[in-house]
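Please keep the view of the chain at hand while reading.

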Amino acid sequence: MSELFETYRGAVYPSQCDHMGHMNVMYYVGKFDEATWQLFTAIGLSRSRLDSESLGMAGVEQHIEYKRELFAGDVITITSMILEIKDKAIRFVHEMRKDDTGELAAKTILVAVHLDAKTRRARSFPPDVSERVRSLLA
């Protein structure tokens with residue numbers, strides 16, 4: 001995953017727009033969150049695996065840059081890439097673009113920590129996940 005790949009495709013709905021007529025910031029975050037679950041599944045951390053193995057993920061840091069306004073009817077795609085993996089944490093980026101122009105609308109860099117869902121404490125990623133990510137970063 002040393003290259004961006006598609007993790008979300010959708011549209012901006014009128015109900016997602018604020019009094020200024022553009023998509024409200026909470027919906028940028030929501031769409032980025034949906035992309036995050038696609039990214040996690042791609043590296044072996046699907047919802048079913050997290051549930052069956054009592055694992056979890058928690059966002060601990062997020063930086064967002066808003067570059068262009070989005071309006072009702074805009075069709076968007078989010079592409080994502082892992083930037084770094086450590087023993088218990090992963091850093092990744094999402095880029096949100098308008099499909100018709102290719103313009104970057106927003107970008108976010110996040111850090112998430114892998115958890116033991118029962119103890120709520122950080123734990124090492126499963127070896128297969130770490131290996132998969134490291135092989136993709138090489």
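A residue is called buried when its relative accessible area is under 20%, exposed when that area is over 50%, and partly exposed in between. The model discussed here is a predicted one.

**Residues in loops and one in a strand**

The wording above can be applied at once to Ser54, which is found in the loop between H2 and S2. Because its relative accessibility is 22%, Ser54 counts as partly exposed. With a relative accessibility of 64%, Arg120 counts as exposed.

Ser15 belongs to the loop between strand S1 (5-11) and H1, and with a relative accessible area of 62% Ser15 is exposed. Its C-alpha atom is separated by 22 Å from that of Ile64, a residue 49 residues apart from Ser15 along the chain. Thr79, by contrast, is found in strand S3 and is buried, with a relative accessible area of 19%. When neighbours within four places in sequence are left aside, the residues in contact with Thr79 are Leu4, Phe5, Glu6, Thr7, Val93, His94 and Glu95.

| Residue | Relative accessible area | Class |
|---|---|---|
| Ser54 | 22% | partly exposed |
| Arg120 | 64% | exposed |
| Ser15 | 62% | exposed |
| Thr79 | 19% | buried |

**Aromatic pairs**

The structure holds three aromatic pairs. In one of them, the rings of Tyr28 and Tyr66 have their centres 5.1 Å apart and their planes at 80°, so this pair is edge-to-face. Since Tyr28 lies in helix H1 (residues 25-42) and Tyr66 in strand S2 (residues 55-66), the pair ties together parts that are 38 residues apart in sequence. Tyr28 is buried, with a relative accessible area of 3%, whereas Tyr66, at 40% relative accessibility, counts as partly exposed.

The rings of Phe40 and Phe92 have their centres 5.7 Å apart, and because their planes stand at 75° this pair is edge-to-face as well. Phe40 lies in helix H1 and Phe92 in strand S4 (residues 89-98), so parts that are 52 residues apart in sequence are tied together by this pair. Phe40 is buried, with a relative accessible area of 3%, and Phe92 is buried too, with a relative accessible area of 1%. Together with Trp37, these two phenylalanines form one aromatic cluster.

In soluble globular proteins, nonpolar side chains tend to be buried together. Here the largest nonpolar core has 16 residues, and those with the most contacts inside it are Leu45, Ile90 and Phe92. At least two residues of this core are supplied by each of H1, S2, S3, S4, strand S5 (104-116) and H3. Apart from this core lies another, of twelve residues, among them Met23, Tyr28, Met96 and Ala106.

Which residues are in contact with Ile90, leaving aside its neighbours within four places in sequence? They are Phe40, Ile43, Met57, Ile82, Glu84, Ile85, Leu110, Val111, Ala112 and Phe125.

Within helix H3 (residues 127-137), the residues Val129, Ser130 and Val133 are buried. Seen down the axis of H3, its buried residues fall within an arc of 95°, and therefore they line one face of the helix. On the other side of H3, Pro127, Glu131 and Ser135 are exposed. The cover over the buried residues of H3 includes helix H2 (47-52) and strand S3 (75-85).

**The largest pocket**

About 170 Å³ of space lies in the largest pocket. Of the 13 residues that line this pocket, those closest to its centre are Asp33, Thr36, Phe40, Gly59 and Leu110. H1, S2 and S5 are the elements that give two or more residues to the lining, and the largest share, six residues, comes from H1.

Methods
Residues numbered from 1 in each chain as written. Predicted model: local features only at pLDDT ≥ 70, side-chain atom pairs only at ≥ 80, totals over all residues. Heavy atoms only, no water. Buried < 20%, exposed > 50% of the residue type's maximum accessible area, 1.4 Å probe, protein only. Helix = DSSP H or I, 4+ residues; strand = E, 2+ residues; numbered from the N terminus. Arc of directions from axis to C-beta. Contact = heavy atoms within 4.5 Å. Phe/Tyr/Trp six-rings, centres within 6.5 Å; stacked < 30°, edge-to-face > 60°. Core = buried A, V, L, I, M, F, W, Y, C linked by side-chain atoms within 4.5 Å. 1 Å grid on protein atoms, 1.4 Å probe; cavity = no way out; pocket = protein on both sides within 12 Å on 5 of 7 lines; lining within 4 Å. Points joined across faces, edges and corners; volume = space filled by probe spheres on them.
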